[in-house]
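Me: Hey, I have a new structure open and could use a hand finding my way around. Can we go through it bit by bit?

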Amino acid sequence: MLQVISLLLENKPGALLRVTGLLSARGYNIESLTVARTLDPELSRMTIVVDVDPALRSQVIKQMNKLINVLQAVDLTETPSVCRDMVLVRVRTVQESRTAVLKEAEIFGARVISSAVDGFVLEASGAPEKLEEFIQVMRSYGESDVTRAGTVAMSLETKKLRLQPPVPTRADAKLEQTNGVLNA
Amino acid sequence: MSNLMSGAKMLLECLAKEGVDCFFGYPGGVTLPLYDAIYDHPIRHILVRHEENACFAAEGYARATGKVGVCCATSGPGATNLVTGLVDAMMDSIPIVAITGQVPTKLIGSDAFQEADTFGITRSCTKHNFMVQKLDELQQIVHEAFYIASSGRPGPVLVDIPKDVFLAQGHYAPVNTIHLPGYKVFTEGHAGQIRRAAQMIWDAERPWVYAGGGIIAAGASEELRQLVEIVDMPAVCTLMGLGALSSDHPNFVSMPGMHGSYAANMGMSNCDVMIALGVRFDDRVTGRIAAFAPNAKVIHVDIDPAEIGKNRAPDLPIVGDVKRVLQKMLRNVEELKPANVEKNAASRRAWWKQVRGWKEEHPLARPTSDTEIKPQHLMAEIDRLSGGQAIVTSDVGQHQMWGAQLIRFNEPRLWINSGGLGAMGFGLPSAIGAQFARPDKLVFTIVGDGGFQMSIPELATVASYGLPIKIIVMNNGYLGMIRQWQELFYNNRLCSAQLDCFPDAEKLAGAYGFKGRTIDKPHELASALEEAVREPGPYLLNVRVSPNENVYPMIPAGCAVNEMVLGPPEPVGAA
């Protein structure tokens, strides 16, 4: 089964690579990945769908949470959450099927983005499995090209964000060094 | 107030503010502005002879003191040469900061001379890395780098600085706070869990302490000693943890794992409560994980939440700095003592009897011979001269395992070796770093004839700084551990295991201007080592040991404790 991971991370060069690097270093293939800025422009929200051995899922989340640029990584696979995907489908169709295509599009709540004599470009969004059906239906009408946006997910629970408060630099740290690590 | 200065000077000011007194490096084209600033700066730059060794030396410095070690290399080949050392520091959780030069920002991505994507290359082999894009960021980033390297689970951090940032002029205003909102450091440990752990320890009939490098990183040796004494428990220290509990402490058993002692491994396997402190259940310790400590309830204390349950699911996890956790745990253990001390006293006495029995049954072998120097004999002699006090660095292989088995370390930060990564060529450069960090200490580096030849360039560093390091080559004419595995697991088909050429030690050391000698007779060993120690400067002692000795006990990779091999196979039939 696929794992859905939602991450809140700093919007910095290399941050994306650190997250995906954790997966590729372990040989996991990413099924989909979306990332975009949040309300706070210094942060990004990322959703990753990835095929990870169930026994190793919590390890992957822990490793992601260790990344300095990651504020929070959460496994949404088995928690209350919503997942949506978006797809653009360009379907080439003969004159006689145009009405039927539009009718099907309506059933799936898809919108026509572009219309031409040889077919349409349709936009649909919804649960990933629903879009799968939509794509299959459209392909039955003729040659289709598909671009999927990837899954975006949102937890239905608010998970407390644990952030590190600012700390003084060394010369200003009067007490024993941070965490007793520097016990020279 | 005029405090306009170059980025290079600013970097040095930041290093000074972080308490850096010396750092190890090798100059190159894009770091020339930095070296120009070093010219008249009080921070000492130690010139090594290869960038990889700058990184190892910084690690030696860090491992010997707990302070952050610093190394520096130029762009391109300089930076790529640091990679092995960075991975090594990552595996062993050693705090170092690596500074690399980068081509000017305008040339990045143009395949400029000596350009390499250092930021990309080192992403997965550092705890974190930075590329400074403009001078404004420099100070903040350098202080963040030191903070990340030294806090939480320590590790290597790299800062890549383009040449134009070194050259740019700006105002120096000390940075006083660091804000890394996503950097989670867990220090305190859950009070309820700690109390439950204390009760579990008293409830144990066969308690066992499994202590690792985390004790040393946290400076928790004193707390560890108190814990084992209050409850009177046997304790083992891993390869990374040797010295965390004094080797002379009556409760210290020895090292567990692939080449650990019989008693250490039997104890690990038969205990009912295992108190795992700052360890990561490495495969070299556990063997086949499914068969590891089958009847033990495990208390696992670690500062890194990702270590909890990574290899062995604990019965009682505690995430926190092991020093702080142990401080609290000690209070709980003391409080619970009156009510619990008698409860399992009889079974604990029986447990100790069993552990002592295992120790007597199969002690670590120290064979000697009249005709050839046994490697174990060499280690026993070094141990005699050290008396548990000297810093001993090692390379990787048979000599490392014999050293770990047979040399005592009565304080933390004396045994310095490449544990997780197992990098050959680590011994000599790490000794250089350790000697700079602890000029008062006697420093031995024990290396094999293989690893030594990977670090020969550093003889020049040793000579030019007059470092009184005692370089002991355990020379068996083989890549000994390779030969051992080919003998045992590859039908004795020895392939590329023999090192049939080794330089004349006296001439080699002499060429660098210090003393060297080769010995091969057991009766020469003690006096030759004493001569090396008496020598005020460096000394290269090439000890030709019996070529075919193997390290035992041995738990072959992927096997369990009950498959431990205690010694060489008996010869099968004489006919």
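This is a predicted model: local features need pLDDT of at least 70, side-chain atom pairs count only at pLDDT 80 or more; totals for chains, interfaces and linings use all residues.

Me: Okay, and how many bridges join strand 15 of chain B to strand 16 of chain B?

Reply: There are 2 bridges between them, and the two strands run parallel. Strand 15 covers residues 391-394 of chain B.

Me: What sheet do they sit in?

Reply: They belong to an open sheet of 6 strands in chain B, in the order 16-15-17-18-20-19. The pairing in that sheet is parallel.

Me: Which are the edge strands?

Reply: Strand 16 (415-416) and strand 19 (515-519) of chain B, each of which pairs on one side only.

Me: Switching to chain A. How is it divided?

Reply: Into domain 1, spanning 2-79, and domain 2, spanning 82-152. Taken over C-alpha atoms, the centres of those two domains of chain A are separated by 29 Å. Their contact takes 6 residues from domain 1 and 5 residues from domain 2.

Me: What area is buried between those two domains?

Reply: About 360 Å² is buried between domain 1 and domain 2 of chain A, with carbon and sulfur atoms giving 66% of that. On the domain 1 side, A:S32, A:T34 and A:T47 lose the most area to domain 2, and together they make up 69% of what that side buries.

Me: How many salt bridges or polar contacts are there across it?

Reply: For salt bridges between domain 1 and domain 2 of chain A, the count is 0. For polar contacts there are 2 residue pairs, both residues at pLDDT 80 or more.

Me: Which strands supply the domain 1 side?

Reply: Strand 2 (30-37) and strand 3 (43-50) of chain A each supply at least two residues there. The largest share, 3 residues, comes from strand 2 of chain A. By class, that side of domain 1 has 3 nonpolar, 3 polar and no charged residues.

Me: Now the two chains. How many residues are in contact?

Reply: 35 residues of chain A are in contact with 47 residues of chain B. Between them, chain A and chain B bury about 3,400 Å², and 53% of it is on carbon and sulfur atoms.

Me: Why talk about area at all?

Reply: Because the accessible area lost when the parts come together is often used to give the size of an interface.

Me: Which parts of chain A touch chain B?

Reply: Helix 1 (15-25), helix 2 (57-66), strand 4 (70-75) and strand 10 (167-168) of chain A each supply at least two residues. Helix 2 of chain A gives the largest share, 5 residues. Sorted by class, the chain A side has 15 nonpolar, 12 polar and 8 charged residues.

Me: And strand 10 of chain A, which strand of chain B is it joined to?

Reply: Strand 9 of chain B, residues 177-178, through 2 bridges. Those two strands run antiparallel, and A:P168 stands opposite B:T177.

Key. Residues are numbered from 1 along each chain as its sequence is written. Chains are lettered from A and ligands numbered from 1 in the order in which they are written. Side-chain values use heavy atoms; hydrogens and water are left out. Domain bounds come from an automatic or database domain assignment. Contact means heavy atoms within 4.5 Å. Buried area is the accessible area (1.4 Å probe) that two parts lose on being put together, summed over both. A salt bridge is a side-chain nitrogen of Lys or Arg within 4 Å of a carboxyl oxygen of Asp or Glu. A polar contact is a pair of N or O atoms within 3.5 Å; within protein, one must be able to donate a hydrogen and the other to accept it, and residues adjacent in sequence count only if both atoms are side-chain atoms. Helices (H or I, at least four residues) and strands (E, at least two) are DSSP runs, numbered from the N terminus. Ala, Val, Leu, Ile, Met, Phe, Trp, Tyr, Cys and Pro count as nonpolar, Asp, Glu, Lys and Arg as charged, and the others, Gly among them, as polar. Two strands pair if DSSP finds at least two bridges between them.
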